[in-house]
Structures are given as structure tokens and as C-alpha cells.
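Q: I would like to go through this structure with you, one region at a time. Could you begin with a helix and then take up my follow-up questions?

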Amino acid sequence: MRKIAVFTGTRAEYGLLYWIIKSLNESENVDLQLFVGGMHMSPEFGYTVKQIEADGFPIVERMEFLLSSDSPVGISKSMGLALINAAEAIERQKPDLIVLLGDRFESMAIAQAAMIACVPVAHIHGGETTEGLIDEAVRHSITKMSHLHFAATAQYQKRIMQLGEQPERVFNFGAPGIDSIVKLKLIELDELPSAIDFELNKPYIMVTYHPVTLESDGASSSLINLLKVLDEYPEHQLIITYPNADTNGRKLIKILDDYKTLNQSRVLLVQSLGQLRYLSLMKYCEVVIGNSSSGLIETPSFKVPTVNIGNRQKGRIGGDTVLSCDESVASIRLALERALSQKFKQFCQGTINPYGHGDSSTRIVEQLINYPLNKIINKKFNDLEDI
């Protein structure tokens, strides 16, 4: 029986990994080892480990390493604690393979510990670019410490190989987040108010705005500009989710808390919605606006417009439903006006999501269970002319 560890450190990442975790847990050929840490263990971010427990998955390692600080020093110390936690967890559990998704600093710490312990790593969502974030360097670093790669598009697959990874270990299976859209029974529109404990009596806009970690203020001024534009649409309610625990994230939380105080009946501000409520709300919203990857990857499957602001997702593939703009009031205003227009909404109905159709998790799990792991630790660097 293959011992496969899966690490999750955030609410969004867990939602993307859900069907992979579920399939591994149900397989007779796998001993699932679930490592849970980071934001999941923080009351400030909703203590979302409770959702994992409610889903019935076996958590073998609860990793406490996220400091209550979002300064560069605080984040670096959290990384150090995550590395210590990961080393101890790997020593205790002795997995045959570790699964990581994405580009957060916690995942890089897990990858570092696995590298030192000579445990193979399978990495999901490598090869992507986000030019406004430290995640850009983190993601490519995890790629170089990984041994199996699951890219979300052909372009990302090619980029992983460009980094020297062996082509036979790089798969393009699409984005696993699309699977939930296909497989989950989403909440109906008339049932949503009860599900979120908030009266939806107007059309609503979904907002997720994360720190831009390569900017000195974490994009606080950009968030203020976005809220100024949203004030021009009082006929719309706003569903706003907390930003990630990135550098300067608490500055954004303070801005959002103050905004909620001034707009009690119009704004729902939540630490975490969970995958089911988040996707259900996305299905029926007028537009998704902010700088979250979900606006580029999942939202296009609903034919719903996305307004993608600033540099956080710069370089990441966006479908035809995505309108990108800079952080100025004028640019955000123009993009939102176009996104809400009937002409653009009608155009979105004929678009295709470039990230796949919802069969990614099954194909990834098949490789996780069956790909030969003997000698996989030894990696040959493939130069471009060899690809």
C-alpha cells in the first residue's frame, strides 16, 4: 500500500485538492496521510480545519506554524516553523510521496523538508506566472524540488519542461478546481440567503482581494480604489472574502472591516465561505472582481465575467471572460462597467474555460497511485534542445 501525504494550508487550496483527497482516501491501494497547517489552524482566518474534520478525512498531522504577524520578518519566521514542523511530520509518517498544490510559502517549506528527507514530491499547478508576487519564485522553486508535475494548461506544461524537468513526468490534466463545479450539487439561488445567513435582495458582486506581495503597501491603496468604484454601484450587494495570510494582509483586513462597518446591510464580509458556498455564490453573481486566481480559473466555467485588477495575476492565462485592468479608479471603473454590460454578459455565454472540463482529479490520482517511484528521486536536467 502506497503512503501518500497531502499537505493543505489554506481554505482555497483545500477546495482545489478536495476530490484528490477524497479519491485517495477511498482507494484500497493508498494510505492517505493528511498534513494540515497554516491558515487552517488560525481562528483569525476561520479555523477551517473544522471543515476538513466535517468532511471526515483523517488528519495525521496538525501543523502549528503561522505567526500572528504579516510583516516580512513574521512571514519568514512562519516559513522556518513550517520547515521544522514538516521535517518532524515526515520523520513520523514516512510517506512514499507528498502532494503539494500551488505556490504558497508553506508549501515551499514542505517541499524543502521532503527534499532533504529524499521523499518524492508531486506538484500541482506548476509552470504558471504571477509577476506581482513572491509566489512566482516560490512556485518555480517547488517545481525544481518536485518529481511529478501536474500542469493546468499546455503552456504551463511546456514551461515546467523549460525549467529542465523530464517531459515524461510532466502531465497536462487541467485545473482540479473545475472538478468541484462539475461534481458538487451547488446551492440554489433561493437557498443561498439561508446558507450564508445574509439577505440577498439585490444583484450581487463577489470580491476577493489579496495582498500584492511585491508592492510596499501590499496593494492597500488599490483596494481602497476598488471600494471607491463599488460605492458607485449601490444597487448591488457585495460578498467579500478575507485576503490570504500574506505579507501586509492584515492591512487589507482592517480596510475591509471598516468598510463593512459603514455598509452593514449591503456587505457580507466573511473569513471563509468554504468551497460549496463560494462556488454556489459565484454561479449566480453578476461579476467576480479582485485579484484572486479563482477569477481566472474557476469563474469562466460559469460564463460569469471577471474583473482582474493589477499585477497579482499578471502572466497567468485568463479566458475570454476575464477583463484585466490596472489599480486606478478610472481603469477599475471602466472594466467593471464593461463586465456588467449586457453585451459582455451575452458574449461570455459562448466562451470556453482554458483550464479544462472537470476530469483533472481522477487523472491526477491515477498517476499518484500508479507512477513508479523507484529511482524517481534522481532527476536529469533536460536542456531545451532535448525536449
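**A helix, a sheet and the cores**

A: In this predicted model, helix H4 has these buried residues: Phe105, Glu106, Ser107, Met108, Ala109, Ile110, Ala111, Ala113 and Ala114.

Q: How far apart are the end C-alpha atoms of H4, and what span should its residues give?

A: The end C-alpha atoms of H4 (residues 105-117) are 19 Å apart. With 13 residues at 1.5 Å a residue, the helix should span 18 Å, so the two values agree.

Q: Turning to Ile75: which helix is it in, and is it buried or exposed?

A: Ile75 belongs to helix H3, which covers residues 72-93. Ile75 is buried, because its relative accessible area is 4%, and buried means under 20%.

Q: What does Ile75 touch, leaving aside residues up to four places away in sequence?

A: Ile75 is in contact with Ser69, Asp70, Phe105, Ala245, Asp246 and Thr247. One of these, Phe105, is also among the buried residues of H4.

Q: Now the sheet. What is the order of its strands, and is the pairing parallel or antiparallel?

A: Six strands make up an open sheet, ordered S10-S9-S8-S11-S12-S13, and they pair in parallel. Strand S10 (267-270) and strand S13 (322-325) are at the edges; each has a single partner strand, so one side of each lacks a neighbour in the sheet. From one strand to the next, the twist averages 20 degrees.

Q: How many bridges join S9 and S10?

A: Four bridges link strand S9 (residues 237-241) to S10, in the parallel sense. Among the residues involved, Ile240 has Leu269 in S10 as its bridge partner.

Q: Which strands does helix H11 touch?

A: Helix H11 (residues 274-284) packs on the sheet and touches strand S8 (204-208), S9 and strand S11 (287-290). The direction of H11 makes about 135 degrees with that of S8.

Q: Last topic: which residues have the most contacts inside the largest nonpolar core?

A: They are Leu226, Leu230, Ile289, Val307 and Leu336, in a core of 37 residues. Another core, of 35 residues, lies apart from it and includes Leu17, Phe57, Phe173 and Ile376.

Q: What does Val307 touch, again not counting residues up to four places away in sequence?

A: Val307 contacts Val287, Val288, Ile289, Gly290, Leu323, Cys325, Ala335, Leu336 and Ala339. Two of these, Ile289 and Leu336, are listed with Val307 among the residues with the most contacts inside the core.

How values were computed. Residues are numbered from 1 along each chain as its sequence is written. This is a predicted model: local features need pLDDT of at least 70, side-chain atom pairs count only at pLDDT 80 or more; totals for chains, interfaces and linings use all residues. Side-chain values use heavy atoms; hydrogens and water are left out. A nonpolar core is a set of buried Ala, Val, Leu, Ile, Met, Phe, Trp, Tyr and Cys residues joined through side-chain atoms within 4.5 Å. Buried means under 20% relative accessible area, exposed over 50%, partly exposed in between (1.4 Å probe, protein chains only). Contact means heavy atoms within 4.5 Å. Helices (H or I, at least four residues) and strands (E, at least two) are DSSP runs, numbered from the N terminus. Two strands pair if DSSP finds at least two bridges between them. Axes are lines fitted to C-alpha atoms, for helices over the stretch in contact, and angles run from 0 to 180 degrees between N-to-C directions. The expected span of a helix is 1.5 Å times one less than its number of residues.
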